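Trainee: I would like to learn how to read a model like this one, from the whole fold down to a single side chain. Could you walk me through it?

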Amino acid sequence: MRINRMYQDFRNPSPKSLAAVSTVCLYLLMGASYLAADEVTKWNGIAGNASFTSGLSGIPPFESRLYAVTHAAIHDALNAIDRRYSPYVLNSLLIPGASPEAAVATAAHEVLVNQFNLLIAYGLAPQQAVLDAAYVSSLAAIPAGPAKDAGILVGQAAAAAILSKRANDGWNQQVVQDFAYLQGTAPGEYRFTPPNNFAFLPNWGKLPPFVLFRADQYLPSPPYPVDSKRYMADYNEIKNLGGNGVTTPSARTPDQTQIALFWFESSPLGWNRIARTGSASSALGLCENARLFALLNFASVDGYIGSFYAKYYYKYWRPITAIHLGDIDGNPDTAGDSTWTPLLETPAIPDYDSGHSVQGGAISEIMRLFFGTDNIAFTTCSTSMPSGSTCNDPSPVTRSYTSFSQAAAENGLSRILVGIHFRKAVAEGIDHGVQIAHHTFVHSLRPLR
């Protein structure tokens, strides 16, 4: 099934516009840490690059699942050579003499080729040739011999195990754009968001999680009633800040506008880039990286599953709908504006909670737990900045942070500044993600020694 149009929240430049991007620019996209990567972070960068150039980053729930299955295979492949952590799927295999690099490259390549070939049905650009070339390059750096051969077999076994486990989870039987979705009619109930006439992935919350016991395990408390003073405060805040600044006035500062645009890119793409930077600055080993990237991508994919469950459970309206109907919502303190327009197009999914904020909360908390500190400074770029200042431009705009939680907070704030989420959805989303991260860290890939 071909997706007719990606909505703005999950939109990235088209594959055609990326065809001319130079190798240097792609290295910038993948992040500076890619240039000094080990095999794990190298293949994380390759997966990110393939996601961006194929258009997969325009569907972040799909993208998060791709990273999760890829890093599950990578982790289990290494763990079958040097068993340091509890396996995710591959329990029975143990081949200590196999080449770790061959195992990682093979596991990643096998999963990525399989998944990207399935994604062609969604209109995404094929990635087989790029992935094959990367795999040939990885194997060429490994001396021939029994260790290399054994590593390839281990990687194949790990890939086969995770692909079998998730083969029938339903991700590719999803209705991506549900034009027949039943809209609400009462104040606070979700309606399609202009200019969209569909609901996006309404059943994603029904997918079996990767680590969570169930999708609603950390379901946030309900959103504010539309007749409450707390709702009024959130309403007036986003009405004041979230406008496009052209037809709708906005009180955003230039820096706030940069924040809004900077964090608009795909969460899995951006946060994996940040994780590569954190990995490089901490000089992690191969097995440590395998565990880190598996954990953070498990939290990411379960974050989307949990958030989409909440979205279609509460079915709460978006700010654009709320402001257009503000005069008839039953709250005397919410003045309506039928022409109010956010800075960027509102996604075709309910407001509550903010999936983008869940991602920031989940991944930042995994990194805090993994590194044992929140206070790791880093600088990153973005693919959603205006042309000439993105990660794949020679001089990208960057933003710097002193901690993971600081970045997660700014990531959440961006959804208010861009005009697409109420503050309550952002705050609950961050907390939802943190809870998912704690569960993931405690229940998956535990150290054995």
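Mentor: Gladly! This is a predicted model. Start with sequence separation: among contacts in the chain with a separation of 6 or more, 80% join residues 24 or more positions apart. The chain has 15 helices and four strands.

Trainee: What radius of gyration would a compact globule of 449 residues have, and what does the chain have?

Mentor: The globule would be near 22 Å, and the chain has 21 Å, which agrees. Along the principal axes, the C-alpha atoms fill a box of roughly 75 × 45 × 45 Å. As for burial, 61% of the 449 residues count as buried.

Trainee: Now a single helix. How do I read helix 10?

Mentor: Begin with the general idea: an α-helix has 3.6 residues a turn, so residues three or four places apart point the same way. Helix 10 covers residues 267–282 and reaches 22 Å from first to last C-alpha, close to the 22 Å expected. Twelve of its 16 residues are buried, among them Trp271, Asn272 and Arg273.

Trainee: What happens at the ends of helix 10?

Mentor: At the N-terminal end, Ser266 is the cap, with a side-chain oxygen 3.3 Å from the backbone nitrogen of Leu269. Just after the helix, Ala283 takes a positive phi of about 55°.

Definitions and conventions
Residues numbered from 1 in each chain as written. Predicted model: local features only at pLDDT ≥ 70, side-chain atom pairs only at ≥ 80, totals over all residues. Heavy atoms only, no water. Helix = DSSP H or I, 4+ residues; strand = E, 2+ residues; numbered from the N terminus. Expected span 1.5 Å × (residues − 1). Buried < 20%, exposed > 50% of the residue type's maximum accessible area, 1.4 Å probe, protein only. Polar contact = N/O pair within 3.5 Å; in protein donor to acceptor, adjacent residues only side chain to side chain. Rg over C-alpha atoms; globule rule 2.2 N^0.38 Å. Contact = heavy atoms within 4.5 Å.
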